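I opened the structure viewer and kept a notebook of what I looked up. The entries follow in the order I made them.

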Amino acid sequence: MQRMVKDWGLALMIAAAVFLVVGLVQDRPEIPDQAPPFVLATPDGDTVALSDFEGRLLILNFWASWCGPCRQEIPDFSRFHSAHPEVGMLGVAVDSGDAASVRRAAAGLGISYDVVLGTGDMVRQYGVSTLPTTVVIAPDGSVRDVTVGVMAHEDLLRAIQ
């Protein structure tokens with residue numbers, strides 16, 4: 001029994017190390033200099049377009065309800081959104097089920113910013129392969145910053161400066 005526990009512990013440590021190394025070497029997604037346009041549905045059936053944010057800074061956060069690191073950063077994103085309502089913010093739900101599932105997940109996680117249902121086409125256009133990924137779009141539509149991995153409140157402040 002002790003041998004089995006030791007073996008499993010070692011296997012888990014190796015898996016964690018591999019996960020960490022893979023996470024550290026993730027490349028920045030290949031996104032054009034100008035943010036690709038999109039029109040996405042909200043869980044309530046409305047639509048939101050990139051053009052709705054013309055002239056405003058916009059933060060796109062690609063997340064999934066099953067993604068632990070995504071869930072970890074949501075409180076900081078909500079706090080940032082409350083403190084900076086002048087900055088547009090969209091949570092782009094990827095692979096999180098139908099609209100009702102996304103609505104429940106967003107409410108359960110305390111997301112205070114708008115959520116849209118990401119599409120495979122949008123995910124490809126923005127080069128997202130790892131969650132969470134956050135894209136900061138300048139008021140002129142240019143891509144200002146891309147972060148793969150968890151962002152804290154302080155990281156968001158730096159990204160908009």
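What covers the buried residues of α2? I found that the cover includes β3 (58-63), β4, α3, β6 and α5 (153-160).

Before going on, I noted that this is a predicted model, where local features need pLDDT of at least 70, side-chain atom pairs count only at pLDDT 80 or more, and totals for chains, interfaces and linings use all residues. Residues are numbered from 1 along each chain as its sequence is written, and side-chain values use heavy atoms, with hydrogens and water left out.

**Entry: helix α2.** I looked up the names: helices (H or I, at least four residues) and strands (E, at least two) are DSSP runs, numbered from the N terminus. Helix α2 covers residues 68-83, which is 16 residues. From its first C-alpha to its last, α2 reaches 24 Å, close to the 22 Å expected at 1.5 Å a residue. The expected span is 1.5 Å times one less than the number of residues. I found a kink of about 35° at isoleucine 74, shortly before proline 75. The bend at a residue is the angle between axes fitted to the seven residues ending there and the seven starting there.

I then listed the buried residues of α2: Cys70, Glu73, Ile74, Phe77, Ser78 and Phe80. Buried means under 20% relative accessible area, exposed over 50%, and partly exposed in between (1.4 Å probe, protein chains only).

**Entry: threonine 133.** I found threonine 133 in strand β6 (residues 133-137). Threonine 133 has a relative accessible area of 1%, so I wrote it down as buried. A polar atom of its side chain lies 2.4 Å from the backbone oxygen of threonine 130.

**Entry: serine 96.** Serine 96 sits in the loop between β4 (88-93) and α3 (99-109). Is serine 96 buried or exposed? At 10% relative accessibility, I counted it as buried. The backbone nitrogen of serine 65 lies 2.9 Å from a polar atom of the serine 96 side chain. Not counting residues up to four places away in sequence, serine 96 touches Trp63, Ala64, Ser65, Ser101 and Val102.

**Entry: proline 36.** I placed proline 36 in the loop between α1 (2-24) and β1 (39-41). Its relative accessible area is 8%, so proline 36 is buried. Proline 36 and tyrosine 126 are 90 residues apart in sequence and 7.2 Å apart in space, C-alpha to C-alpha. Residues that proline 36 touches include Leu50 and Tyr126.

Note on methods: A polar contact is a pair of N or O atoms within 3.5 Å; within protein, one must be able to donate a hydrogen and the other to accept it, and residues adjacent in sequence count only if both atoms are side-chain atoms. Contact means heavy atoms within 4.5 Å.
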